[in-house]
Amino acid sequence: MDANEPGHERRIVVGVDGSSTSLDALRWAARVADISGDRIEAVIAWQYPVPVGWAMPNWDPEKEARKALIAAVDTVFGADRPAGMGLLTREGNAGNVLLRAAAGADLLVVGSRGRGGFAGLLLGSVSEHCAEYARCPVLVIHSDTAQAA
């Protein structure tokens with residue numbers, strides 16, 4: 001469904017990986033949602049690691065990703081989560097997971113881990129992928145952007 005069609009559920013998708021800029025992305029999404037009335041969907045991606053010759057039989061990457069997502073949301077919002085907020089864990093490459101989650105969304109918000117100086121102007125691989133291929137507006141949060149707000 002197109003974001004401009006009647007009956008469209010207004011959504012802001014936020015990429016979360018536990019980094020400080022992803023926490024800032026959650027904060028920005030909440031600010032925008034307060035103005036727009038959009039519902040927030042926080043999304044974390046996970047992948048099985050490349051085999052290195054040993055197994056971890058009791059490791060559940062989906063469960064670990066879910067715990068990391070909940071911890072990030074709790075850090076930003078505590079008990080005051082935005083109404084209707086969705087928490088999604090998805091297996092796959094982070095950029096592709098976010099693009100699929102943002103299909104039909106009004107906005108995709110991702111953090112960038114800039115390193116300061118000229119390197120700080122560059123986007124990370126996930127944020128660059130999202131900015132290039134998303135079919136909705138993309139807001140990339142740099143640490144200096146978050147502090148300015």
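Biologist: Why is glycine 104 called partly exposed?

Modeller: Glycine 104 has a relative accessible area of 26%. Buried means under 20%, exposed over 50%, and partly exposed in between, with a 1.4 Å probe and protein chains only. The value of 26% is therefore classed as partly exposed. The model is a predicted one, in which local features need pLDDT of at least 70, side-chain atom pairs count only at pLDDT 80 or more, and totals for chains, interfaces and linings use all residues. Residues are numbered from 1 along each chain as its sequence is written, and side-chain values use heavy atoms, with hydrogens and water left out.

Biologist: Where does glycine 104 lie, and how many residues separate it from cysteine 136 in sequence?

Modeller: Glycine 104 is in the loop between α3 (94-101) and β4. Helices (H or I, at least four residues) and strands (E, at least two) are DSSP runs, numbered from the N terminus. Glycine 104 and cysteine 136 are 32 residues apart in sequence, while their C-alpha atoms are 7.3 Å apart in space.

Biologist: Why is serine 127 called buried, and what is it in contact with?

Modeller: Serine 127 belongs to helix α4 (residues 125-133). Its relative accessible area is 2%, so serine 127 counts as buried. Leaving aside neighbours within four places in sequence, serine 127 is in contact (heavy atoms within 4.5 Å) with Val110, Gly111, Ser112 and Val140.

Biologist: What makes β4 largely enclosed?

Modeller: 4 of the 5 residues of β4 are buried, and the strand is therefore largely enclosed by the rest of the structure.

Biologist: How do you know that β4 pairs with β5 and with β1?

Modeller: Two strands pair if DSSP finds at least two bridges between them. Strand β4 (residues 107-111) is joined to β5 by 4 bridges, in parallel, and to β1 by 3 bridges, also in the parallel sense. Leucine 108 has valine 138 of β5 as a bridge partner, and leucine 108 is likewise the partner of valine 13.

Biologist: What is the order of the strands in the sheet, and why are β3 and β5 called edge strands?

Modeller: The open sheet has 5 strands in the order β3-β2-β1-β4-β5, with parallel pairing. β3 and β5 (138-141) are the edge strands, as each pairs on one side only.

Biologist: What is the span of α2, and what is the expected value?

Modeller: The expected span is 1.5 Å times one less than the number of residues. Helix α2 (residues 61-77) has 17 residues and reaches 24 Å from its first C-alpha to its last, close to the 24 Å expected.

Biologist: Why are the buried residues of α2 said to line one face?

Modeller: Seen down the axis of α2, its buried residues fall within an arc of 120°, so they line one face of the helix. The arc is that of the directions from the helix axis to the C-beta atoms. Pro61, Ala65 and Leu69 are among the buried residues of α2. What covers them includes α1 (20-36), β2 (39-46) and β3 (86-91).
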